[in-house]
Amino acid sequence: MTVYSIHIFNKKCEAIYFKQWNNAATAGSNKTAAIATNEPASKQSESASDATNNIDVDGDSETAKLVYGVVFSLKNMVNKLSAGKNSTDGFLSYKTNAYKLHYFESPAGLKIVLITDAASASMLSVLRQIYSSIYVENVVKNPLAKPNTPIKNELFRGSLDKYIRGLQNFE
Amino acid sequence: MQGTPITTKASFPTTSTAAAARAKQTGDDIWRNRTDKINAELFALTYGSLVATLVKDYEDYAEVNTQLDKMGYNIGVRLIEEFLAKSSLPKCGTFVETADVISKIGFKMFLGITPTITNWSADTKEFSIIIDENPLSEFVELPDDALLPPPASTGGSAATGLWYSNILCGVLRGALEMVLLQVDVFFVSDVLRHDDATEIRVRLVRILDEDVPASDE
């Protein structure tokens, strides 16, 4: 199993964090590869030349918008279809041949999207963990981090990277 | 720090309503195992000096109330995330449930108290939080001019004088706004002002809509 990338969106639907691992574009994730064509050419060449296969950019790219669009619509559709029933969990993940997208939303509106390979098991506990011990501890409790702005915080980046790499199904 | 120390009240009110035992259980659990605690006296005295400084700076109690509320709001919008992370609660179904969670888990988690929820309005959009023992107002005695509404104002005295713990109102407002509940929160009475009880009134204004992505066009 493999973790490809993570997107974090705030309450106002803005992308505040994005990171990619395992060079998803060439690792067989057709979807990310397809989306990547929408990115500015400069970014693509940069990722191609990146020897470590690690790009770390702030959100606000075309990709982020597309991902958000998909997630947002799916969530609404799922909620509509399950109206009246127990809809506390709602939309959790979807899967294609190439990848699986996991979704977590806190009641306060933070949304975390994790893209892994298709064989991955549920990442709900991982996402919850990212939210409660990484995001809340390093961003929310950081007095210098302004709410609703892109996360530039090294501590957050560091611990998130470490946590994801430490997952048994990272690569 | 204003006022003179008074003897610490040791008795802890035991409110146990069987109906919401589960929420209480969660609150107790979190309080016991997952909360970083600081010395209550340090906390009370720090807050006291904060309020005292504000009073000195603004020289106007109404303005101090506003500032406390504003500070509380900024605390609240962050605090809610910690609250949600620690409690991993699902969304509340009704406002009644929200009130229960606020008192049994919210107040418990951050202040170690479980205030009473009461005085529901008929449409369940308004309730009161009665705080039996307010950790903020330990050792506090307000000067006389902070108690009384200025002689000029007649009626509508709720907005005048110092509401010492007004920061709580801001916190509640900020936190609830983040979970899409727009509320008005204000103090009705405070034992520091020689009232019988410390009462915060919470009124649901409306349930906000979730933000939608800005369209590309």
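**Figure 1. B:Asn119, a partly exposed residue with a relative accessible area of 43%, in a loop of chain B.** The model shown here and in the following views is predicted. B:Asn119 belongs to the loop that connects strand 1 (116-118) with strand 2 (126-131) of chain B. The backbone of B:Asn119 has a phi near 55 degrees, a positive value in a residue that is not glycine. Because its relative accessible area is 43%, between the limits of 20% and 50%, B:Asn119 is classed as partly exposed.

**Figure 2. B:Phe139, a buried residue with positive phi.** B:Phe139 is placed in the loop between strand 2 and helix 5 (144-147) of chain B. Phi of B:Phe139 is near 65 degrees, again a positive value in a residue other than glycine. The relative accessibility of B:Phe139 is 12%, which is under 20%, so the residue counts as buried.

**Figure 3. Pairing of strands 2, 3 and 4 in chain B.** Strand 4 (residues 198-207) of chain B pairs with strand 2 of chain B in the antiparallel sense, over 6 bridges. Within this pairing, B:Glu126 has B:Arg203 of strand 4 as its bridge partner. Strand 4 is also joined to strand 3 (residues 181-189) of chain B, here by 8 bridges, and these two strands likewise run antiparallel. In strand 4, B:Arg206 stands opposite B:Gln182. In a regular strand, side chains alternate between the two faces of the sheet.

**Figure 4. The contact between chain B and chain A.** Chain A contributes 25 residues to the contact, and chain B contributes 19. Interface size is often expressed as the accessible area lost when the parts come together. For chain B and chain A, the buried area is about 1800 Å², and carbon and sulfur atoms give 59% of that area.

**Figure 5. The salt bridge between A:Lys141 and B:Glu82, and the side of chain B that touches chain A.** Between chain B and chain A there is 1 salt bridge. The salt bridge joins A:Lys141 to B:Glu82, with the closest N and O atoms 3.5 Å apart. On the side of chain B that touches chain A, the elements giving two or more residues are helix 3 (61-87) and helix 6 (167-178) of chain B. Helix 3 of chain B supplies the largest share of this side, 6 residues. By class, this side of chain B has 10 nonpolar, 8 charged and 1 polar residues.

**Figure 6. Overall make-up of chain A.** Chain A contains 5 strands and 5 helices. Along the sequence, these elements of chain A follow the pattern β-β-α-α-α-β-β-β-α-α. Of the 171 residues in chain A, 50% are buried. Among contacts in chain A between residues at least 6 apart in sequence, those joining residues at least 24 apart account for 57%.

Figure 7. Residues up to four places away in sequence aside, A:Asn10 touches A:Ile16, A:Gly109, A:Leu110, A:Lys111 and A:Asn148.

How values were computed: Residues are numbered from 1 along each chain as its sequence is written. Chains are lettered from A and ligands numbered from 1 in the order in which they are written. This is a predicted model: local features need pLDDT of at least 70, side-chain atom pairs count only at pLDDT 80 or more; totals for chains, interfaces and linings use all residues. Side-chain values use heavy atoms; hydrogens and water are left out. Helices (H or I, at least four residues) and strands (E, at least two) are DSSP runs, numbered from the N terminus. Buried means under 20% relative accessible area, exposed over 50%, partly exposed in between (1.4 Å probe, protein chains only). Contact means heavy atoms within 4.5 Å. Buried area is the accessible area (1.4 Å probe) that two parts lose on being put together, summed over both. A salt bridge is a side-chain nitrogen of Lys or Arg within 4 Å of a carboxyl oxygen of Asp or Glu. Ala, Val, Leu, Ile, Met, Phe, Trp, Tyr, Cys and Pro count as nonpolar, Asp, Glu, Lys and Arg as charged, and the others, Gly among them, as polar. Two strands pair if DSSP finds at least two bridges between them.
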